[in-house]
Amino acid sequence: MAKLDILHFPDKRLRTKAREINNIDDKLRSFIDDMFETMYEAPGIGLAATQVNFHHRVMVIDVSEEKDQPLCFINPVITHKEGVELMQEGCLSVPGFYEDVERAEAISVKALDKQGEPFELTTDGLLAVCIQHEIDHLDGKLFVDYLSPLKRNRIRKKLERMEKEFAAQKTRANSTL
Ligand code: QAP
Ligand code: CO
């Protein structure tokens with residue numbers, strides 16, 4: 001197993017629309033294990049392949065308290081939406097920022113599991129919000145897209161500054177080796 005690198009907003013690669021998966025093999029399953037490891041270590045409750053620069057329609061979620069209910073969705077499609085709900089969201093690709101986003105309150109989603117078996121799930125609350133957030137990633141969309149341009153630009157500037165500082169630190173560390 002390996003931890004994967006997570007792309008950060010405003011990285012353009014986060015805007016890629018992921019492609020359908022039509023071959024579920026051991027190589028993909030091993031990659032999914034890496035996605036779970038990356039999400040649990042972060043720690044996070046959801047991770048889409050787009051965030052680790054793999055542009056195929058797969059995402060992992062675990063919203064349980066004990067972190068013992070891993071869910072994997074391949075080619076997920078929302079088949080039903082109901083109600084509206086405001087929830088504070090964060091994202092591993094937008095570290096340190098949390099904002100309210102409006103989503104459907106309850107959803108049904110169909111997908112394939114790790115074995116390639118189709119399943120359908122009807123849910124609400126945090127899991128429903130997380131599924132919508134992760135499917136957005138597969139379509140190149142981020143939760144900051146729902147904020148005002150002013151808020152989004154503030155977040156972008158802060159993250160760009162942090163990314164620059166991080167790169168400079170790495171350079172300094174290397175030159176003192
Ligand atoms: C998406 O997000 C989500 O800023 C999953 O510094 C989040 O796992 C859906 C995280 C909330 C619905 C509600 C964020 C970790 C994790 C950070 C995450 C951070 C460290 C975010
Ligand atoms: Co996210």
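**Notebook: the cobalt site and ligand 1**

I began with His137, which is buried, with a relative accessible area of 0% (buried means under 20% relative accessible area, with a 1.4 Å probe and protein chains only). I noted that this is a predicted model, in which local features need pLDDT of at least 70, side-chain atom pairs count only at pLDDT 80 or more, and totals for chains, interfaces and linings use all residues. Residues are numbered from 1 along each chain, ligands are numbered from 1 in the order in which they are written, and side-chain values use heavy atoms, without hydrogens and water.

Next I looked up the metal: the cobalt ion (ligand 2) is coordinated by Cys91 (SG), His133 (NE2) and His137 (NE2), at 2.1 to 2.3 Å, where donors are N, O and S atoms within 2.8 Å of the metal, or 3.2 Å for Na, K and Ca. The donor residues follow the spacing C-x41-H-x3-H. His133 and His137 are separated by about one helical turn, because they are 4 residues apart in helix α2 (residues 125–138) (a helix is a DSSP run of H or I, at least four residues). His133 is also buried, at 7%.

I then turned to ligand 1, which is surrounded by 18 residues, the closest being Gly44, Ile45, Leu92, Gly96 and Tyr98 (each has a heavy atom within 4 Å). The largest share of this shell, 5 residues, comes from α2. An oxygen atom of ligand 1 is 2.7 Å from a polar backbone atom of Gly96, and a polar side-chain atom of Tyr98 lies 3.0 Å from an oxygen atom of ligand 1.

Technical notes. Helix = DSSP H or I, 4+ residues; strand = E, 2+ residues; numbered from the N terminus. Buried < 20%, exposed > 50% of the residue type's maximum accessible area, 1.4 Å probe, protein only. Polar contact = N/O pair within 3.5 Å; in protein donor to acceptor, adjacent residues only side chain to side chain.
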